[in-house]
Amino acid sequence: MSNILVCVKRVPDTGGEVSLTGDAMNVDDRHLGATVSAHEECAIELAVQQAAETDGEVTVLTLGDEDAIEQLRDAVARGCTNAVLVEAVPAAFGPRDIALAIADVVRAHEAAGTSYDLILLGNDAADTGDFQVGVRLGYALERPVVTGISTVELAGGQVVARGDGPAGGSQVFEVALPAIVTVMEGGVEPRYPTIPGRMKAKRAKIETIEPDVQPQGPARVRLTLPPKPPSQVTILGEGADAAPAVADLLEELGVLR
């Protein structure tokens, strides 16, 4: 039986045009919906799969205000068993602060009789790009950390973690449990919440914890938006007269040799 903790973050649904707050420290979410990142959706799916294969349970955790309960209930609808809200103002917490707050929850649950063999996180935050939480959590709990992983498998007291390697190859890590893994999207297809899952999620009890961490805040200086792609269009020609120009362009791009 393996107990797994998966950590998620409520982030703006940036399907449309993205803008920043006036201080350029966060994404302006006033007119956006909320979700979790694609990395974290895959982490939830991997956690639910591995817990099912080992007769274990999945606890989903987030640090945020009461609005983040929406994301916790969504994770329960996808198969998580328990949910924990570390109630705080997320903008005041940097990666170090979040890692320490999660570590406190893990220790408190261990003291109460629930230990986690595996902790899964998204590889980085979809809104601010922070990728330090998993590594910092490993230092705080003195557990091994593997980052940028696509799939995981629990077997024989260890986690087998697979991810992309250099030059298009793959890498396989075998790490003794308990361990921490950060997940990249693409290795697994997240499931959609079922109607019974949604009904269960509505009734699910949310454990609420106030963190003891005094946050130092994010260390970022500012966020910047990438330049908008050019909207200029070049017409190569019309009909058969365009064929030579198309061939020249394909040769320039390296498609034709």
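## Strands, bridges and cores

In this predicted model, L154 has V159 in β9 as its bridge partner. Strands here (E, at least two residues) and helices (H or I, at least four) are DSSP runs, numbered from the N terminus. Residue numbers start from 1 along each chain as its sequence is written. Since we're looking at a prediction, local features need pLDDT of at least 70, side-chain atom pairs count only at pLDDT 80 or more, and totals for chains, interfaces and linings use all residues, while side-chain values use heavy atoms, with hydrogens and water left out.

Back to that bridge: β9 sits in an open sheet of 3 strands, ordered β8-β9-β10 and paired antiparallel. Pairing takes at least two DSSP bridges between two strands. The edges belong to β8 (151-155) and β10 (170-176); each has a single partner strand, so one side of each lacks a neighbour in the sheet. From one strand to the next, the twist averages 20°, with axes fitted as lines to C-alpha atoms (for helices, over the stretch in contact) and angles running from 0 to 180 degrees between N-to-C directions.

Here's how some of the strand pairs line up:

| Pair | Bridges | Direction |
|---|---|---|
| β8 and β9 (residues 158-164) | 5 bridges | antiparallel |
| β1 (residues 3-8) and β6 | 4 bridges | parallel |
| β6 and β11 (residues 179-183) | 5 bridges | parallel |

Now for β6 (residues 118-122): 5 of its 5 residues are buried, so the rest of the structure largely encloses this strand. Buried means under 20% relative accessible area, exposed over 50%, and partly exposed in between (1.4 Å probe, protein chains only). L118, L120 and G122 point one way from β6, while I119 and L121 point the other. On the β11 side, I119 stands opposite I180; V6 has L120 as its bridge partner in β6.

V6 and L120 turn up again as the residues with the most contacts inside the largest nonpolar core, which has 37 residues. Such a core is a set of buried Ala, Val, Leu, Ile, Met, Phe, Trp, Tyr and Cys residues joined through side-chain atoms within 4.5 Å. Helix α1 (residues 38-53) gives the largest share of this core, 7 residues. Leaving aside neighbours within four places in sequence, V6 is in contact (heavy atoms within 4.5 Å) with residues including A43, I44, A47 and C80. Another core, of 23 residues, lies apart from the largest one, with L63, A88, A103 and V133 among its residues.

Zooming out, the protein chain has 6 helices and 12 strands, and 40% of its 257 residues count as buried.
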